[in-house]
Amino acid sequence: MARPYLTIDLDKIEHNARTIVALCAQHGITVTGVTKGVCGHPDVARAMLRGGVASIGESHLENIRRLRSAGVNTSYMLLRLPPLSEVDAVVEVADVSLNSELAVLAALSQAAHGCSRIHDVVVMVDLGDLREGIWPADLLHFVREARQLSGVRIKGIGTNLACFGAVAPSVENMGRLVEVARELEQALGIRLDWISGANSSGLELIAAGRMPQRVNHARIGEAILLGRETVHRGPWPDTVQDAFVLHAEVLELRRKPSVPIGERCQDAFGKYPTFEDRGEVLRALLDIGREDVDIEGLTPVEQGVMILGGSSDYLVVDVSATGGRFRVGDDIAFAPKYGALLAAMTSEYVEKRPIRSGVVN
């Protein structure tokens with residue numbers, strides 16, 4: 001079927017996973033491979049597991065079900081806070097979940113009793129990114145109350161950084177996480193299995209030996225999928241950045257002015273686009289648009305291709321500098337950033353094509 005398609009190089013993902021897992025292992029850190037950026041694609045999860053991740057982390061229960069149905073046998077962590085309305089499903093399909101509400105924990109406890117299970121919990125602490133989590137000052141009361149609930153087990157505490165508030169991991173905030181863990185353990189006479197403080201944004205701290213030693217669990221997605229740390233989005237050593245390549249077909253190829261003609265108004269998305277006057281250019285209209293992908297998150301693979309913009313149905317590119325390389329019916333390839341990858345994987349109109357290139361350690 002003719003449609004835009006995304007190639008998924010499973011060997012490159014395995015290679016990246018092996019690199020990240022080896023780095024973390026040197027510092028006593030276990031890695032959960034995060035597949036939410038690929039909508040829980042079973043082949044990607046298998047590649048991560050071959051690369052050495054200890055478990056799989058997902059944000060959607062539907063994706064965990066898909067993975068289990070596909071025979072991907074591992075431990076699963078639900079990364080998004082459990083909905084109170086779906087606690088029975090959470091206990092059924094996830095082994096571990098991240099939590100910050102006592103009401104939800106009480107419901108998880110009841111659900112776990114109903115199916116004679118113990119559900120592991122990581123209590124999330126907000127260290128300033130202002131996404132999910134409890135303030136450190138409220139942690140002791142929360143965990144003390146949570147420990148009264150049977151059917152749930154406090155496996156550890158965690159935090160999330162470099163997401164909503166874009167707060168970078170540091171020696172100070174990671175040290176604070178360890179400090180509150182220590183205070184909690186001393187006050188309650190317990191030992192936490194996990195201090196889950198690292199994601200792809202923490203790789204620089206880990207590699208420099210500056211991540212506090214008690215941080216022993218990481219939830220890693222982008223560094224494995226795209227080979228990048230997420231503080232500066234720089235390529236990570238000994239990883240590859242082209243495990244995913246998006247291909248779109250040329251539907252129309254014509255020379256047209258570079259600036260629209262006529263009185264201007266808002267575009268289809270309520271914005272006022274700007275255009276640089278570069279005279280007449282050779283424009284290719286491609287069979288993918290904003291309905292399927294974040295076009296600002298695409299980088300042309302071939303030199304000389306320039307993205308001009310797009311609508312819901314089309315991506316418009318300037319191919320004037322490619323020396324007549326493209327014809328109608330040809331594919332033009334793009335490297336997706338994380339947001340573009342997530343959108344393309346979610347779109348039912350983008351075909352996913354797993355491949356094996358042989359690029360492994």
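Which side chain does R18 meet in a salt bridge? It's E14: the side chains of R18 and E14 meet at 2.9 Å, N to O. By salt bridge I mean a side-chain nitrogen of Lys or Arg within 4 Å of a carboxyl oxygen of Asp or Glu.

Quick housekeeping before we go on. This is a predicted model, where local features need pLDDT of at least 70 and side-chain atom pairs count only at pLDDT 80 or more, while totals for chains, interfaces and linings use all residues. Residues are numbered from 1 along each chain as its sequence is written, and side-chain values use heavy atoms, with hydrogens and water left out.

Okay, back to that pair. R18 and E14 both sit in helix α1, 4 residues apart, which is about one turn of the helix. Helices here are DSSP runs of H or I, at least four residues, and strands are runs of E, at least two, all numbered from the N terminus. E14 counts as buried because its relative accessibility is 9%, and R18 counts as partly exposed because it comes in at 24%. For those words, buried means under 20% relative accessible area, exposed means over 50%, and partly exposed is in between (1.4 Å probe, protein chains only).

Now, how many salt bridges does the structure hold? The count is 19. K12 counts as buried, at 13% relative accessibility, whereas D242 counts as partly exposed, at 37%.

One more pair: E276 bridges to R278, with the closest N and O atoms 3.9 Å apart. E276 is exposed at 56%, and R278 is partly exposed at 31%. As for networks, salt bridges that share partners join E14, R18 and R50 into one.

Last stop, the surface. L130, W135 and F164 form a nonpolar patch there, with about 390 Å² of accessible area together. Patches take residues with over 30% relative accessible area and no salt bridge, joining like charges within 9 Å and nonpolar side chains (Val, Leu, Ile, Met, Phe, Trp, Tyr) within 5 Å. The areas come from the Shrake-Rupley method with a 1.4 Å probe, and for residues only the protein chains shown count as cover.

And where is W135? Look in the loop between β6 (119–124) and α6 (139–146). W135 counts as partly exposed, at 48% relative accessibility.
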